[in-house]
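Hello,

Here is the structure we talked about handing over. Please open it alongside this message, and then read on for what was found.

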Amino acid sequence: MPPYKTAILFLLATWWTGGFSAPLDGSCVEGGVTYQNGEIFICPNSSGCVKKRCDNGVISIVEEGCSRDGVCIAVSANYTSSTCRTYTCVKTTGSDGIVTYAVQLLNTKCRDSNGVCFTPGERFTLVNNGTTYPSCTCSVTSDGTASYTCSSTSTQQSTGSCSYNGVTYQSGQTIVITTCIQKLCQNGVITTSQDGCSFNGACLAVDTTTEVSCTSYRCSKTPQADGTTIYAVKVVSSRCKDANGACHNPGESFPLVIGGKSYSNCTCTIAADGSTSYSCSSTSQQTSSSCLYNGATYQNGDIITINSCNKRRCDNGTATTIQEGCLFDTGCITVGGSAEKDCRTYTCSKSVQADGSVLYSVNPSSTRCKDANGACHNPGESFPLVIGGKSYSNCTCTIAADGSTSYSCSSTSQQSSSTCSYNGVTYQTGDLITVNSCIQKRCDNGSTSFVSEGCPLNNACVPVDGQVDYNCKTYTCVKAVQPDTSVLYSTKVISTRCKDANGACYNPGERFALVISGTSYSSCTCSVAADGTASYSCASPAATTCTVGGVTYQSGATFNTSACIQQKCDNGVVSTLTEGCSYNGACISVNGEYITSCRSYTCTKTLQSNNSNLYSVKLVSTQCKDANGACHNPGENFPLVIGGHSYSTCTCTIAPDGAVSYKCSSGHQPSAGSCVVSGVTYPNGAVMNFTTCMQERCENGVITTLHEACPYNGHCIPVDGEYTDNCRKYTCTKTVQPDNTSHYAVKLLSSQCKDANNVCHDPGELFPLVISGTTYNKCTCTIAADDMVSYNCSP
């Protein structure tokens, strides 16, 4: 078959962004056209991909990008076309102030008969002039032109069947990808029969909108650079909810309950950030003896229980507070009251929101210092302390504004007695102090010294800097002293060998016997990647399938283990095609860079002790955003819009945790109690969703977290919560970093085995299984230390 080629054209869009004199009425002028204050307009020649807004005489960019195939590609974002070409949008500003947006080709892959993309050198099936070629490759020139080459051996398309991800489907058969995404095989051509997002227990079709609890949501579909597609549900508009739960547009009149009082004539307004404000006529207050609270009617004298700390009573139409407070550590703190835990005092505060509801929040109000026996002391008081295994009798402390504690001990106060104090317990000289199964200390005349130290591994101990072989891996124990003088011990894999059918270990290149999916191979070798992953290669009979997470894939099939990780089965060996971190609906490649709202993030990949990889999103740097969306470093001057007011000269500072503070030399300042995040002002009480699984609220100038969770496979796993998917149980962990930011990571807790009916089983249980089209009724499974699942079936 002769090779054929394709080519690409690029379109440029340019316009002027220079300065102008703002009219006094707050309108804006650009390109000789006048726009009213608050008006959003589309820039000419941008194909609808560049939108701006007039804000009190200042023009700011709302959206910017390049047009390609009828799709708007955001600046620096990637878009993969149906022809397997990946593009990005590049923005440049010339010395004359002219901004140019250009589509740039990043890479080209090869497209098979089903529209699946392959890297040059990989083999795939291709149909040309009605002839099917099962073994084709391609090459791509520097200009992005793809040439295809197929072997002379061909087969005729005889049944109209389709191949998708290595599975053959008959004509008319439905290909179920997810509950809401389905395709149809029609005479060898795959078409999409259902396309949508999973939302609220149902399917929401792409580009359609539904309303839940007075908020409208839309399903959007975004192609990624790796050929995958991200489906996301986004909020598009909000309405106001009345006392009965019905929804109303701003300006309409409806009943409402505020502060326990019922009103018949209320209206609302909705701000640009989605926050809602209510206004009720004082003459519309109802005089009925019953009370309406959260949509429920209570009779006069009824007790309304909100939670264990908050109760109301219906008193002739008014819900009167009889108990109020904050939930705290299995108990209650009364409003204005306080409670102490771990030498930190917490106070319960109460604030009335814009909709009349009441918010109760617990905040730390003061901190004291903990001594060697766990007792609390104020700064300046003297107390005993143990630092670095040494006991001191005369120590004091200071507490910084952020609540961090520093300790200072008199060198002459080091105790010279023969006893030692460790974690509040007193030991005599010569006593052994057992920290855990691998760490022991001895009390030597008032000081503690190490007798043994190491890391636990499989009911044994790995000495610090020593080596232990286990399960064909060599481990060492790493000791690191932390800033607070505590010691962290961690186990690290330093080398990997390959295990044969009998559990013996071999070096890469040596030959040995192996059993794969119940088939015995007498001559196998292995290779070990830099990340410690072992790959096996065996002589005939050749392995053709791969089993990952209890699912069997045919050779050549590609599959996603998460939204941003795609793997491929090559004759029994699993290889990784693309890998990255999911963040804010996008994929960040490992060690790549993703910039949003003047913050730069990267994706890190860490090999865990169980030989699995942990992918984490890390904040790299932060800049400040001006009124036009441009980014600036601290110390630079720039314009800014705060609370609808324009400032011509502003600067910013960035705290160690990445929080940005702005200061403007003239004009109006934000109202008291509001919060400024990345150049945007949020009023007191506003709720903000910066990521899919994180929700925060502005409370008197301080941002507090309402909900925090880890995104995983389209779901949000709460911190320390559990989520089961594909017979694997995951949790979300939260770690506070040295820069005071929080790191959230999904961690695998446990694995089970999946049977033919998708039911989960523990190792040792019997269950049915289908392998290569054959059904086995008596199968068991084993789960290795790295959570890989192996199956064993009897005829």
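**Salt bridges and where they sit**

The structure holds 11 salt bridges. Bear in mind that this is a predicted model. In general, side chains of opposite charge can pair when their charged atoms come close.

One of the salt bridges joins the side chains of aspartate 195 and lysine 221, at 2.8 Å from N to O. Aspartate 195 sits in the loop between strand 22 (189-194) and strand 23 (196-199), while lysine 221 belongs to strand 26 (residues 215-223), so this pair ties together parts that are 26 residues apart in sequence. Lysine 221 is partly exposed, as its relative accessible area is 40%.

Another links lysine 734 with glutamate 708; their closest N and O atoms are 3.1 Å apart. Lysine 734 is in strand 85 (residues 728-736) and glutamate 708 is in strand 82, so here too the pair ties together parts that are 26 residues apart in sequence. Lysine 734 has 38% relative accessibility and counts as partly exposed. Glutamate 708 also counts as partly exposed, with 23%.

A further salt bridge pairs lysine 729 with glutamate 722, with 3.7 Å between the closest N and O atoms. Glutamate 722 is exposed, because its relative accessibility is 55% and the cut-off for exposed is over 50%.

**The protein overall**

How many helices and strands are there? The protein has zero helices and 91 strands. Of its 795 residues, 33% count as buried. Take the contacts between residues at least 6 apart in sequence: 30% of them join residues at least 24 apart.

In soluble globular proteins, nonpolar side chains tend to be buried together. Here, the largest nonpolar core has 11 residues, including Cys43, Cys66, Tyr79, Cys89 and Leu105. Strand 10 (85-93) and strand 11 (98-108) each supply at least two residues of this core. Strand 11 gives the largest share, four residues. Another core lies apart from it and has 10 residues, among them Cys110, Phe118, Ala146 and Tyr148.

**Strands that pair**

Start with strand 40 (residues 338-341) and strand 41 (residues 344-352). They pair in the antiparallel sense over four bridges. Alanine 339 stands opposite tyrosine 346 in strand 41. The hairpin of these strands has two residues between them, and aspartate 342 there takes a positive phi near 55 degrees.

Strand 41 also pairs on to strand 42 (residues 358-367). Nine bridges join strand 41 and strand 42, which run antiparallel. Cysteine 348 has valine 362 in strand 42 opposite it.

Further along, four strands form an open sheet with antiparallel pairing, in the order 80-81-82-83. Which strands are at the edges? They are strand 80 (687-691) and strand 83 (715-718), and each pairs on one side only. From one strand to the next, the twist averages 35 degrees. Within this sheet, strand 82 (residues 702-712) and strand 83 are antiparallel partners over four bridges. Tyrosine 712 has histidine 715 in strand 83 as its bridge partner.

**Two threonines to look at**

Threonine 405 is in strand 47 (residues 405-409). Its relative accessible area is 29%, which makes it partly exposed. Leaving aside neighbours within four places in sequence, threonine 405 is in contact with Thr367, Cys369, Cys397, Thr398 and Ile399. Its C-alpha atom is separated by 9.7 Å from that of lysine 370, 35 residues apart along the chain.

Threonine 474 lies in strand 56 (residues 473-481). Is threonine 474 buried or exposed? It is buried, because its relative accessible area is 12% and the cut-off for buried is under 20%. Not counting residues up to four places away in sequence, threonine 474 touches Gln467, Val468, Asp469, Lys492, Val493, Ile494 and Ser495.

Best wishes

Technical notes: Residues numbered from 1 in each chain as written. Predicted model: local features only at pLDDT ≥ 70, side-chain atom pairs only at ≥ 80, totals over all residues. Heavy atoms only, no water. Buried < 20%, exposed > 50% of the residue type's maximum accessible area, 1.4 Å probe, protein only. Contact = heavy atoms within 4.5 Å. Pairing = 2+ DSSP bridges. Axes fitted to C-alpha atoms, helices over the stretch in contact; angles between N-to-C directions. Salt bridge = Lys/Arg side-chain N within 4 Å of Asp/Glu carboxyl O. Core = buried A, V, L, I, M, F, W, Y, C linked by side-chain atoms within 4.5 Å.
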